[in-house]
Amino acid sequence: MLPGEDRAARRVLTVCLAAGATTLLDQSVLTIAVPALRQSLSAGAMDVQWIVSGYSLAFGLALVPGGSLGDVRGRKHLFLVGLATFVVCGVVAATGTRPGTVVAARLVQGAGAGLVNSQVIGTLQDVFRGLDRARALGLYAVTGGVAAALGPALGGALVALCGADTGWRLCLLLSTPCGVLTLWLAARRLPPPRRVAAPGRLDVWGLVCVAALALSLMLPFIRTPDGGRGIALWGAAALAAAGGLVLGQWWRVRRDRVPLVHPSLVRSAPYVLGTVVAMAQFGASMAASLVLALFLQSGLGLSALTTAAVTLPSAVAMGVSSAVAWRVVRRIGAHTVTAGLALGVLALLAGALAATRLPPAVLPVALAVVQLGSGVAGGLAVSPNQTRVLRHAPAEAAGVAGGILQMAQRIAAAVCLSAVSGIYLRGSTGAEGVAGAPRTAFAVASVVCAGLLGVGLVLSAVLRREPAAVRRPSPAVAPDPATTPPASRRTTRRPHDPAA
C-alpha cells in the first residue's frame, strides 16, 4: 500500500466518523434535557414528541434521496451543504422561544443530518474496497452507537451545571463546534465530487409513500385518536400508503426504472430479516433511553446530574463491548447478535421489575446496573448486525443497501419514540394523585421496548439458521472483519484508489 494513499483514506475515514458522531450525538443529547425544555417553553406532550421524533423521521427520509443525489452529482458538495444546514438549524433550535420554532428547526436539522450521513455511507463505499470497506462501515456503526449512548450523560451534565433554561439550549448547541470543525475538515479532506451513476434514479413516489406510512404510524401516538373511528382511519391510511409503495415499486420495475427499494434487496431474506432486527434494536434503545430520562426526572424527581450518572454506565459499557465484539464474533459467530438482543430484553424487563418493586432510595442504583447491561447488549448487537446485513446485500444493490438500512432504522426510531413516550406520558399524567403512576407507566413502556427487542431476537435466530447458500456474502461486499483471522487481514488490504 502506498503511504500517501493510506494516509488519505484514513483522513477521509476521520471526517466520516466525526460527521456520524456529531449527528447521532445531537439526537440523544436532548433526552435528559426534555423536562427542562418542556418547562422552559411551556411545551405540551405533542410538542415534545415532535421535537424528539421529528428529527429521526426527517433524518431517515433524507437518507435515500441524499444517497441518490450523491451518486448523480457527487458527494462532497452535498456533504458540505447538509452539514452547514445541520449546524445553522441547531443554532435556530437552541435560540427558539416557542415550541413550534424548535420543532421546525429540528425537522430541517434532521434532514440535513440525513443528507450528511447518506454521503458518509457513499463515501466510505467509494474510497474503501474489500475488507477495508467492511471495517470502515463497522467503525462508523460503533462510533455512532457510542455517541448516541454518551449523549444523555453529556446532556444531563450541561443541564445540571448551567441550569434548566440554559442547559437544554446548550445541549442543542453542543453539536455546533463539532459540526464547524467537521465542516472545515470535510472541505479539506474529502475527495473531489464525481458521478458514479446516471441521472434519473430518484423514486419520489416511493419516498412520499414511505413518509406517509411513517406519519400514519406516528401520529396516533402523538395525538390520541378519536375512539375506534380514529384508529380505523389511521389504520386505513397506513394500509393505503403501504399499498401505494408496493404498487409504485412494481410499476418502476416493470418500466426498467430503479425503485426506492431495489428488487434484489426485497428478494434477499437475510437482508430483509437483518434490517428488521436493526429497526427493532435501534427503535427500542432510543425509546427506552428517552423514557428512562423522563421517568428519573419527572417521575422520581431526580436532578439532571443524577440522571446523567444513571445513564453513563450504558455509554461506557457500549464502548467497551463494541471494542471486543469482534472477538466474541470469532468465537460464537452469528450467536453474538442474538446474545446481545437477549441481554437487552433481560435488562429492560429487569428495569421494569425494579421500578415497580424497589424503594425510591435504591432504585437509581438498580437502574444504573440495568443500564450497564443495556450498554453491553448494544455493543454486541449493533455493529455485528450491520456488518452481517450488508454482507447479505446483493452485489447489484450494495450501494443503496446501507442507505435503506439506515432509513429503516431512523423511521423505526421516529415511530418508537412517539409511541413509547406517548405511552409513558399518558400513563404518568393521566392518573392525577394516584401513587406509583409514573412507576407503572415506566414499567409498561419498558415492557413494550422489551417486546420490540423480542421481535428482533426471534428474527435474529431465524436469520442465523438461513441455509449456507442463501447466506453466502456478495462478491462486492467484504467479509465480516470480526470473523477474518488477523493473517488474512494482512494479506487482503488494498490501496485506496480515489478513481475506483
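**Note on the predicted model**

1. The protein exposes about 20300 Å², and carbon and sulfur atoms supply 67% of that area. The structure is a predicted model, and the remarks below should be read accordingly.

2. As to overall composition, the secondary structure consists of 19 helices and 0 strands. Of the 500 residues in the protein, 55% are buried. Among contacts between residues at least 6 apart in sequence, 86% join residues at least 24 apart.

3. A search of the whole structure for aromatic pairs finds 2. In the pair formed by Phe295 and Phe442, the ring centres are 4.5 Å apart and the planes lie at 10°. The pair counts as stacked because this angle falls under the cut-off of 30 degrees.

4. Phe295 belongs to helix α12 (residues 269-299) and Phe442 to helix α17 (residues 437-464), so the pair ties together parts that are 147 residues apart in sequence. Phe295 is buried, its relative accessible area being 0%. Phe442 also counts as buried, at 5% relative accessibility.

5. A further contact with an aromatic ring involves a charged residue: Arg410 lies over the face of Phe59, at 4.1 Å from the ring centre.

6. Most residues other than glycine have a negative phi. Ser42 is found in the loop between α2 (34-41) and α3 (45-73). With a relative accessible area of 65%, Ser42 is exposed.

Methods. Residues are numbered from 1 along each chain as its sequence is written. This is a predicted model: local features need pLDDT of at least 70, side-chain atom pairs count only at pLDDT 80 or more; totals for chains, interfaces and linings use all residues. Side-chain values use heavy atoms; hydrogens and water are left out. Helices (H or I, at least four residues) and strands (E, at least two) are DSSP runs, numbered from the N terminus. Buried means under 20% relative accessible area, exposed over 50%, partly exposed in between (1.4 Å probe, protein chains only). Rings of Phe, Tyr and Trp (its six-membered ring) pair if their centres lie within 6.5 Å; planes under 30 degrees apart count as stacked, over 60 as edge-to-face and the rest as tilted. A charge sits over a ring if NZ of Lys or CZ of Arg is within 6 Å of the ring centre and within 35 degrees of the ring normal. Contact means heavy atoms within 4.5 Å. Accessible areas come from the Shrake-Rupley method with a 1.4 Å probe; for residues, only the protein chains shown count as cover.
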